[in-house]
Amino acid sequence: MRLSSILRGGEGDISGIHLVSASTSIGTENEKRFMSSTATRLFPGLVPDDAETSSRTLQEFVQNLFFLPSTVQDYYFILGYNTIVPSYVRRGYLTPQHAKEAVLSRITKPFLLTHRIEDRLVLFQQTLYNQRIIMHNHVSLYTCTSHSPFWENPRRFNEKLTWFTRNIAR
């Protein structure tokens with residue numbers, strides 16, 4: 001769910017929000033502070049309608065999702081599900097629709113902020129910044145993973161998410 005949906009529809013039935021490596025500063029003056037040089041270089045190549053450029057960029061993007069090299073099977077599985085996302089959807093994600101920081105600071109529901117210290121795309125400082133602007137938050141930090149803790153450390157990821165849904169997000 002996009003933050004703009006929460007802004008339009010309200011918090012209503014939402015019990016909590018889990019942001020994983022959340023790049024909430026895309027399109028703001030803070031974007032360059034929180035995005036790695038790799039992400040800044042790759043993101044424009046994720047949005048063109050040109051399949052060759054998009055495919056080449058996606059291949060490099062997927063390589064940067066992992067701290068350690070992935071298996072060939074995992075790499076192509078993740079490349080596949082990223083490839084089927086149309087360029088207009090990726091463009092929508094990378095184009096700000098509103099002032100996310102203002103939305104984040106007004107939401108009263110609890111947040112779980114999951115981030116990897118070694119993330120190759122979204123810098124750890126982004127989570128520290130989100131922690132300052134989000135009222136009710138719990139931070140879950142990972143080491144030895146990059147942008148995909150749910151894939152690289154699924155047991156811990158699922159345990160933390162279960163803890164959050166049972167104890168915090170009610």
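Let's start with a word you'll need: a residue counts as buried when its relative accessible area is under 20%, as exposed when that value is over 50%, and as partly exposed in between. Keep in mind that this is a predicted model. With that in hand, take a look at D119 and R116, which are both buried.

**Salt bridges**

- Another pairs R91 with D49, and here the closest N and O atoms are 3.4 Å apart. This pair ties together distant parts of the chain: R91 belongs to helix α6, D49 to the loop between α3 (37-42) and α4 (51-63), and 42 residues separate them.
- How accessible are those two? R91 is partly exposed, at a relative accessible area of 31%, whereas D49 is exposed, at 62%.
- E52 and R56 make a salt bridge too, with their closest N and O atoms 3.3 Å apart. They're 4 residues apart in helix α4, so about one helical turn separates them.
- E52 counts as exposed, with 57% relative accessibility, while R56 counts as partly exposed, with 49%.

**A nonpolar patch on the surface**

- Which residues form a nonpolar patch on the surface? They're F77, Y81, I84 and F150, and together they have about 430 Å² of accessible area.
- Zoom in on I84 and you'll find yourself in the loop between α5 (72-83) and α6 (87-94).
- I84 is exposed because its relative accessible area is 69%, and the cut-off for that label is over 50%.

**The second largest pocket**

- First, a bit of background: rolling a probe the size of a water molecule over the atoms shows where empty space is left.
- The second largest pocket holds about 160 Å³ of space.
- Its lining is made up of I26, E31, K32, M35, A39, T40, F43, P44, V47 and L94. Two elements, α2 (31-34) and α3, each give two or more residues to that lining.
- What does the lining look like by class? It has 7 nonpolar, 1 polar and 2 charged residues.

Terms used: Residues are numbered from 1 along each chain as its sequence is written. This is a predicted model: local features need pLDDT of at least 70, side-chain atom pairs count only at pLDDT 80 or more; totals for chains, interfaces and linings use all residues. Side-chain values use heavy atoms; hydrogens and water are left out. Patches are made of residues with over 30% relative accessible area and no salt bridge: like charges are joined within 9 Å, nonpolar side chains (Val, Leu, Ile, Met, Phe, Trp, Tyr) within 5 Å. Accessible areas come from the Shrake-Rupley method with a 1.4 Å probe; for residues, only the protein chains shown count as cover. A salt bridge is a side-chain nitrogen of Lys or Arg within 4 Å of a carboxyl oxygen of Asp or Glu. Buried means under 20% relative accessible area, exposed over 50%, partly exposed in between (1.4 Å probe, protein chains only). On a 1 Å grid over the protein atoms alone, a cavity is a set of points where a 1.4 Å probe fits but cannot get out, and a pocket is an open set with protein on both sides within 12 Å along at least five of seven lines; lining residues have an atom within 4 Å of a point. Grid points are joined across faces, edges and corners, and a volume is the space filled by probe spheres set on the points. Ala, Val, Leu, Ile, Met, Phe, Trp, Tyr, Cys and Pro count as nonpolar, Asp, Glu, Lys and Arg as charged, and the others, Gly among them, as polar.
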